[in-house]
Amino acid sequence: MPWKTGRLKDRASPEKDLDTGMTQLVLVDFDDTLVETAPAFHGAREALFGFLVENGFSRDEAHTVHYDEVDPELLAEHGMGPFRMAPSFRETYLRLCKRHGHESEAGIAEACADLGRNFLGHPKIMDGSLEALRSLSLALPTVIFSQAAQEEYQLGRVRDAGVTTIVGDDRILITERKTAESYLDALNHFGVEDPSRATMIGNSLRSDINPALEAGSRALLVEPYEMWHYDKVDPISQDFLRFKTFPEAVAFVLESTEWHRDPVRKSKLGHCDPTKGG
Ligand SMILES: [Mg+2]
């Protein structure tokens, strides 16, 4: 069975999975798909909450003010990426002071902001992700599709991770925010006219899976760890596959592709019109 590897849920129409043989383009997300990013954000926030507790605030209240009030506002203002974190951390402290009718202290405000600076460090490659990316890119046209408010900064991270030694600069696209519209723009950018011949692999239901499903592409979700709450929206359909890691998703794609290209095995399925994509 070509689709068994890494497959975590049953599907009503397995033959649709075999369409990878007709794949024209595979789009691969970067953060939390190839490199660990969310854990560094989480660690910085934990450091902030610890520091605020040391300064007399409750952890629960700090958590609520940060996640429910301040961070969504700063995300809207600054966009995706780490640069909102310093102002967001400072503002969380100021907002807590205001709630309690305290005067804020400039030193504490600045110390909070410091916890939101330079926390990301060098990209931390997930086990086997670059090897899997290399195998994928040798088998199928592969691009990196990532989102960040600061394009140059994000390109630098993609390069620092060693991705550009596998996928050339011209195959990396950074968008400010992944949506169905920017996903279609990406397909257009890479010359894909039929979205059903593209596959998106990423860790976010909001940013990777839903835009691809909306466009009519195949979508493969990777869930190496708990999804950031912002990414965890309802999928617009269940027509996607889940894998624990990117290498498992790639193994599935490659196995399906191999199988699809094998005329003997393919003929056993009983429907082998390649123009129909499976
Ligand atoms: Mg991601």
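User: Leaving aside its neighbours within four places in sequence, which residues is Leu155 in contact with?
Analyst: This is a predicted model, in which local features need pLDDT of at least 70 and side-chain atom pairs count only at pLDDT 80 or more, while totals for chains, interfaces and linings use all residues. Residues are numbered from 1 along each chain as its sequence is written. Two residues are in contact if their C-beta atoms, placed from the backbone, lie within 7 Å. Beyond four places in sequence, the contacts of Leu155 are Ile172 and Ile174.

User: Is Leu155 buried, partly exposed or exposed?
Analyst: Leu155 belongs to helix H7 (residues 151–160); helices (H or I, at least four residues) and strands (E, at least two) are DSSP runs, numbered from the N terminus. A residue is buried if 20 or more other C-beta atoms, placed from the backbone, lie within 10 Å of its own, exposed if 12 or fewer, and partly exposed in between. The count for Leu155 is 19 other C-beta atoms, so Leu155 is partly exposed.

User: How far apart in space are Leu155 and Leu173, C-alpha to C-alpha?
Analyst: In sequence, Leu155 and Leu173 are 18 residues apart. From C-alpha to C-alpha, the separation in space is 8.6 Å.

User: Which residues of helix H8 are buried?
Analyst: Helix H8 covers residues 180–189. Its buried members are Tyr183, Ala186 and Leu187.

User: Why do the buried residues of H8 line one face of the helix?
Analyst: An α-helix has 3.6 residues a turn, so residues three or four places apart point the same way. The arc is that of the directions from the helix axis to the C-beta atoms. The buried residues of H8 line one face because, seen down the axis, they fall within an arc of 100°.

User: Which elements are included in what covers the buried residues of H8?
Analyst: Both strands and a helix take part in the cover over the buried residues of H8. Included are strand E1 (25–28), strand E4 (142–147), strand E5 (172–175), strand E6 (198–202) and helix H9 (205–215).

User: Are H8 and H9 roughly parallel or roughly perpendicular to each other?
Analyst: Axes are lines fitted to C-alpha atoms, for helices over the stretch in contact, and angles run from 0 to 180 degrees between N-to-C directions. The axes of H8 and H9 come within 8 Å and cross at roughly 70°. Angles under 35 degrees count as roughly parallel, over 145 as roughly antiparallel, 65 to 115 as roughly perpendicular and the rest as oblique. H8 and H9 are therefore roughly perpendicular.

User: How many nonpolar residues are in the contact of H8 with H9?
Analyst: Ala180, Tyr183 and Leu184 of H8 make the contact with Pro211, Ala212, Glu214 and Ala215 of H9. Ala, Val, Leu, Ile, Met, Phe, Trp, Tyr, Cys and Pro count as nonpolar, Asp, Glu, Lys and Arg as charged, and the others, Gly among them, as polar. By class, the contact has no polar residues, 1 charged and, as nonpolar residues, 6.

User: Is the crossing of H4 and H5 left-handed or right-handed?
Analyst: Helix H4 (residues 85–99) and helix H5 (residues 106–115) pack at an angle of about 145°, their axes 7 Å apart. A crossing is left-handed if the near helix is turned anticlockwise from the far one by less than a right angle, and right-handed if clockwise. The crossing of H4 and H5 is right-handed.

User: Is Thr142 buried or exposed?
Analyst: Thr142 lies in strand E4 and touches, not counting residues up to four places away in sequence, Val26, Val28, Leu136, Ser137 and Val167. Thr142 has 23 C-beta neighbours inside 10 Å, so Thr142 counts as buried.

User: What distance separates the C-alpha atoms of Met126 and Asp32?
Analyst: Met126 sits in the loop between strand E3 (124–125) and helix H6 (129–139), whereas Asp32 is in the loop between E1 and strand E2 (35–36). Met126 and Asp32 are 94 residues apart along the chain. Their C-alpha atoms are separated by 8.3 Å.

User: Is Asn118 buried or exposed?
Analyst: Asn118 has a positive phi of about 55° although it is not a glycine, and its place is in the loop between H5 and E3. With 11 C-beta neighbours inside 10 Å, Asn118 counts as exposed.
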